[in-house]
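Please look through the sequence and the model below before reading the briefing. The points after it are grouped by topic.

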Amino acid sequence: MALSALLFDLDGTLIDTDELHLNAYNQLLARWDRSMDIEYYKAHVMGFPDDMIFGGLFPDIPASQYAGLAAEKETMFRAQLGETIPVAGVLRILDHAQKAGLRTAVVTNAPRENAVAMLTGLGIVDRFEAIVIGGELQRGKPHPMPYLTALELLGVKADQAIAFEDSLAGVQSAHAAGIHTFGVLSGLQEHQLRQAGARDVIRDFNADALWQFLQTAD
(Lines give C-alpha, C1' and ligand atoms only; values in the text may rest on other atoms or scores of the structure.)
Protein backbone atom coordinates (compact mmCIF):
# COMPACT_ATOMS: atom_id res chain seq x y z
CA MET A 1 0.00 0.00 0.00
CA ALA A 2 1.28 3.45 -0.95
CA LEU A 3 0.13 5.41 2.07
CA SER A 4 -1.07 8.94 1.27
CA ALA A 5 -3.41 10.00 4.09
CA LEU A 6 -4.14 9.65 7.80
CA LEU A 7 -7.75 10.09 8.93
CA PHE A 8 -8.50 10.67 12.60
CA ASP A 9 -11.61 10.50 14.71
CA LEU A 10 -11.58 13.17 17.42
CA ASP A 11 -13.30 12.30 20.72
CA GLY A 12 -11.54 9.37 22.38
CA THR A 13 -8.97 9.15 19.60
CA LEU A 14 -7.07 12.44 19.58
CA ILE A 15 -8.35 13.53 23.00
CA ASP A 16 -9.96 11.58 25.84
CA THR A 17 -13.35 13.23 26.39
CA ASP A 18 -15.62 10.33 27.33
CA GLU A 19 -15.96 11.40 30.97
CA LEU A 20 -16.83 14.96 29.95
CA HIS A 21 -19.49 13.78 27.52
CA LEU A 22 -20.97 11.39 30.08
CA ASN A 23 -21.13 14.20 32.64
CA ALA A 24 -22.89 16.47 30.14
CA TYR A 25 -25.49 13.83 29.27
CA ASN A 26 -26.18 13.23 32.94
CA GLN A 27 -26.60 16.95 33.58
CA LEU A 28 -29.23 16.98 30.85
CA LEU A 29 -30.94 13.76 31.96
CA ALA A 30 -31.16 14.96 35.56
CA ARG A 31 -34.04 17.18 34.41
CA TRP A 32 -36.07 13.96 34.04
CA ASP A 33 -34.56 12.32 37.15
CA ARG A 34 -32.65 9.96 34.89
CA SER A 35 -29.00 9.08 34.45
CA MET A 36 -26.70 7.21 32.09
CA ASP A 37 -23.94 4.81 33.10
CA ILE A 38 -20.69 4.24 31.27
CA GLU A 39 -21.85 0.92 29.81
CA TYR A 40 -24.86 2.54 28.14
CA TYR A 41 -22.66 5.39 26.92
CA LYS A 42 -20.18 3.02 25.26
CA ALA A 43 -22.87 0.86 23.65
CA HIS A 44 -25.41 3.45 22.50
CA VAL A 45 -23.85 6.93 22.55
CA MET A 46 -20.11 6.84 21.91
CA GLY A 47 -19.51 7.84 18.29
CA PHE A 48 -23.15 7.73 17.18
CA PRO A 49 -25.07 10.62 15.55
CA ASP A 50 -27.52 12.72 17.55
CA ASP A 51 -30.65 11.30 15.95
CA MET A 52 -29.72 7.78 17.05
CA ILE A 53 -28.59 8.91 20.51
CA PHE A 54 -31.63 11.01 21.38
CA GLY A 55 -34.01 8.64 19.63
CA GLY A 56 -32.81 5.97 22.04
CA LEU A 57 -32.95 8.23 25.08
CA PHE A 58 -36.28 9.88 24.28
CA PRO A 59 -38.32 7.57 22.03
CA ASP A 60 -41.59 9.27 23.01
CA ILE A 61 -40.75 12.84 22.02
CA PRO A 62 -40.84 14.26 18.47
CA ALA A 63 -37.60 13.98 16.52
CA SER A 64 -37.87 17.72 15.87
CA GLN A 65 -36.81 18.27 19.50
CA TYR A 66 -33.59 16.28 19.25
CA ALA A 67 -31.54 19.17 17.88
CA GLY A 68 -32.45 21.42 20.80
CA LEU A 69 -31.57 18.75 23.35
CA ALA A 70 -28.29 18.04 21.56
CA ALA A 71 -27.41 21.74 21.55
CA GLU A 72 -28.01 21.95 25.31
CA LYS A 73 -25.85 18.91 25.92
CA GLU A 74 -23.01 20.27 23.77
CA THR A 75 -23.09 23.59 25.64
CA MET A 76 -22.72 21.64 28.89
CA PHE A 77 -19.85 19.67 27.35
CA ARG A 78 -17.94 22.75 26.15
CA ALA A 79 -18.33 24.36 29.57
CA GLN A 80 -16.15 21.56 30.97
CA LEU A 81 -13.33 22.02 28.46
CA GLY A 82 -10.32 23.44 30.22
CA GLU A 83 -6.71 22.77 29.39
CA THR A 84 -6.88 19.79 27.06
CA ILE A 85 -4.22 17.12 26.65
CA PRO A 86 -3.86 14.98 23.52
CA VAL A 87 -3.73 11.19 23.58
CA ALA A 88 -0.12 10.00 23.85
CA GLY A 89 1.76 10.16 20.56
CA VAL A 90 -0.62 12.51 18.73
CA LEU A 91 2.02 15.18 18.12
CA ARG A 92 4.51 12.49 17.10
CA ILE A 93 2.29 11.06 14.38
CA LEU A 94 1.27 14.50 13.12
CA ASP A 95 4.94 15.47 12.86
CA HIS A 96 5.55 12.24 10.95
CA ALA A 97 2.68 13.01 8.59
CA GLN A 98 4.11 16.45 7.87
CA LYS A 99 7.61 15.12 7.20
CA ALA A 100 6.32 12.25 5.05
CA GLY A 101 3.95 14.46 3.06
CA LEU A 102 0.84 12.59 4.19
CA ARG A 103 -2.55 14.29 3.90
CA THR A 104 -4.53 14.57 7.14
CA ALA A 105 -8.17 15.03 8.12
CA VAL A 106 -10.39 14.79 11.17
CA VAL A 107 -13.59 12.80 10.66
CA THR A 108 -16.04 13.19 13.53
CA ASN A 109 -19.70 13.14 14.50
CA ALA A 110 -19.02 16.01 16.93
CA PRO A 111 -20.54 19.41 16.10
CA ARG A 112 -18.11 21.71 14.31
CA GLU A 113 -18.05 24.13 17.25
CA ASN A 114 -16.92 21.31 19.53
CA ALA A 115 -14.37 20.01 17.04
CA VAL A 116 -12.76 23.40 16.50
CA ALA A 117 -12.74 24.12 20.25
CA MET A 118 -11.03 20.81 21.07
CA LEU A 119 -8.48 21.00 18.25
CA THR A 120 -7.71 24.62 19.13
CA GLY A 121 -7.27 23.66 22.77
CA LEU A 122 -4.83 20.96 21.72
CA GLY A 123 -2.97 23.45 19.53
CA ILE A 124 -3.35 21.30 16.42
CA VAL A 125 -6.31 22.79 14.56
CA ASP A 126 -4.01 23.91 11.73
CA ARG A 127 -2.45 20.45 11.34
CA PHE A 128 -5.42 19.09 9.38
CA GLU A 129 -6.39 19.87 5.81
CA ALA A 130 -10.04 19.04 6.39
CA ILE A 131 -12.49 18.61 9.26
CA VAL A 132 -15.42 16.43 8.19
CA ILE A 133 -18.50 16.72 10.41
CA GLY A 134 -20.96 13.83 10.23
CA GLY A 135 -23.88 16.04 11.21
CA GLU A 136 -23.27 18.28 8.19
CA LEU A 137 -23.70 15.34 5.80
CA GLN A 138 -26.76 13.34 4.82
CA ARG A 139 -25.48 10.44 6.93
CA GLY A 140 -23.07 10.38 9.86
CA LYS A 141 -21.15 7.47 11.35
CA PRO A 142 -21.69 4.47 11.36
CA HIS A 143 -22.52 5.13 7.69
CA PRO A 144 -19.36 5.33 5.54
CA MET A 145 -20.29 8.75 4.12
CA PRO A 146 -18.06 10.79 6.50
CA TYR A 147 -14.97 8.79 5.54
CA LEU A 148 -15.87 8.70 1.87
CA THR A 149 -16.21 12.48 2.03
CA ALA A 150 -12.78 12.81 3.64
CA LEU A 151 -11.21 10.66 0.93
CA GLU A 152 -12.83 12.82 -1.75
CA LEU A 153 -11.69 16.07 -0.12
CA LEU A 154 -8.10 14.84 0.14
CA GLY A 155 -8.11 13.30 -3.32
CA VAL A 156 -7.02 9.84 -2.18
CA LYS A 157 -8.40 6.32 -2.51
CA ALA A 158 -9.45 4.09 0.36
CA ASP A 159 -6.43 1.81 -0.05
CA GLN A 160 -4.13 4.84 0.24
CA ALA A 161 -5.39 5.82 3.70
CA ILE A 162 -5.58 4.56 7.25
CA ALA A 163 -8.12 5.60 9.86
CA PHE A 164 -7.96 5.79 13.65
CA GLU A 165 -11.16 5.21 15.63
CA ASP A 166 -12.16 4.36 19.20
CA SER A 167 -15.92 3.73 18.87
CA LEU A 168 -18.02 1.00 17.30
CA ALA A 169 -19.80 3.48 15.04
CA GLY A 170 -16.52 5.02 13.95
CA VAL A 171 -14.79 1.73 13.19
CA GLN A 172 -17.85 0.55 11.28
CA SER A 173 -17.87 3.77 9.26
CA ALA A 174 -14.19 3.64 8.29
CA HIS A 175 -14.29 -0.11 7.61
CA ALA A 176 -17.37 0.25 5.41
CA ALA A 177 -15.51 2.92 3.42
CA GLY A 178 -12.82 0.33 2.69
CA ILE A 179 -10.13 1.97 4.83
CA HIS A 180 -7.56 0.05 6.89
CA THR A 181 -8.68 0.97 10.40
CA PHE A 182 -6.74 1.09 13.65
CA GLY A 183 -8.91 0.75 16.74
CA VAL A 184 -7.76 2.89 19.67
CA LEU A 185 -8.21 1.39 23.14
CA SER A 186 -9.57 4.41 24.96
CA GLY A 187 -12.86 2.90 26.08
CA LEU A 188 -13.77 -0.34 24.34
CA GLN A 189 -12.12 -3.75 24.46
CA GLU A 190 -9.92 -5.10 21.68
CA HIS A 191 -12.40 -7.80 20.66
CA GLN A 192 -15.18 -5.20 20.32
CA LEU A 193 -13.09 -3.02 18.02
CA ARG A 194 -12.02 -5.99 15.91
CA GLN A 195 -15.60 -7.28 15.62
CA ALA A 196 -16.62 -3.84 14.34
CA GLY A 197 -13.96 -4.04 11.62
CA ALA A 198 -10.65 -2.80 13.06
CA ARG A 199 -7.69 -4.44 11.33
CA ASP A 200 -5.25 -3.45 14.07
CA VAL A 201 -5.69 -2.26 17.65
CA ILE A 202 -3.39 0.13 19.53
CA ARG A 203 -3.32 1.74 22.96
CA ASP A 204 -2.12 5.11 21.66
CA PHE A 205 -0.04 6.65 18.88
CA ASN A 206 3.25 5.52 20.40
CA ALA A 207 2.38 1.85 19.86
CA ASP A 208 5.20 -0.14 18.26
CA ALA A 209 2.72 -1.95 15.99
CA LEU A 210 1.63 1.37 14.49
CA TRP A 211 5.15 2.56 13.74
CA GLN A 212 6.12 -0.79 12.26
CA PHE A 213 3.09 -0.52 9.99
CA LEU A 214 4.00 3.03 8.97
CA GLN A 215 7.55 2.00 8.10
CA THR A 216 6.27 -0.62 5.68
CA ALA A 217 3.46 1.52 4.26
CA ASP A 218 5.30 4.79 3.54
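This is a predicted model: local features need pLDDT of at least 70, side-chain atom pairs count only at pLDDT 80 or more; totals for chains, interfaces and linings use all residues.

Residues are numbered from 1 along each chain as its sequence is written, and side-chain values use heavy atoms, with hydrogens and water left out.

**Helix 3 and helix 4**

- The axes of helix 3 (residues 50-57) and helix 4 (residues 66-79), which are lines fitted to C-alpha atoms over the stretch in contact, come within 10 Å and cross at roughly 100°.
- Helix 3 is therefore roughly perpendicular to helix 4, a term for angles of 65 to 115 degrees, taken between N-to-C directions on a scale from 0 to 180 degrees.
- In this pairing, D50, D51, F54 and G55 of helix 3 meet Y66, L69, A70 and K73 of helix 4, where contact means heavy atoms within 4.5 Å.

**Helix 7**

- Helix 7 (residues 145-154) has P146, Y147, T149, A150, L151 and L154 as its buried residues, where buried means under 20% relative accessible area with a 1.4 Å probe, protein chains only.
- Among the elements covering these buried residues are strand 1 (5-8), strand 2 (103-108) and helix 8 (168-176).
- After helix 7 comes G155, which has a positive phi, near 70°.

**V87**

- V87 lies in the loop between helix 4 and helix 5 (90-100), and V87 is buried, with a relative accessible area of 15%.
- Leaving aside neighbours within four places in sequence, V87 is in contact with T13, L14, I15, D16, D204 and F205.

Technical notes
Helices (H or I, at least four residues) and strands (E, at least two) are DSSP runs, numbered from the N terminus. Angles under 35 degrees count as roughly parallel, over 145 as roughly antiparallel, 65 to 115 as roughly perpendicular and the rest as oblique. Buried means under 20% relative accessible area, exposed over 50%, partly exposed in between (1.4 Å probe, protein chains only).
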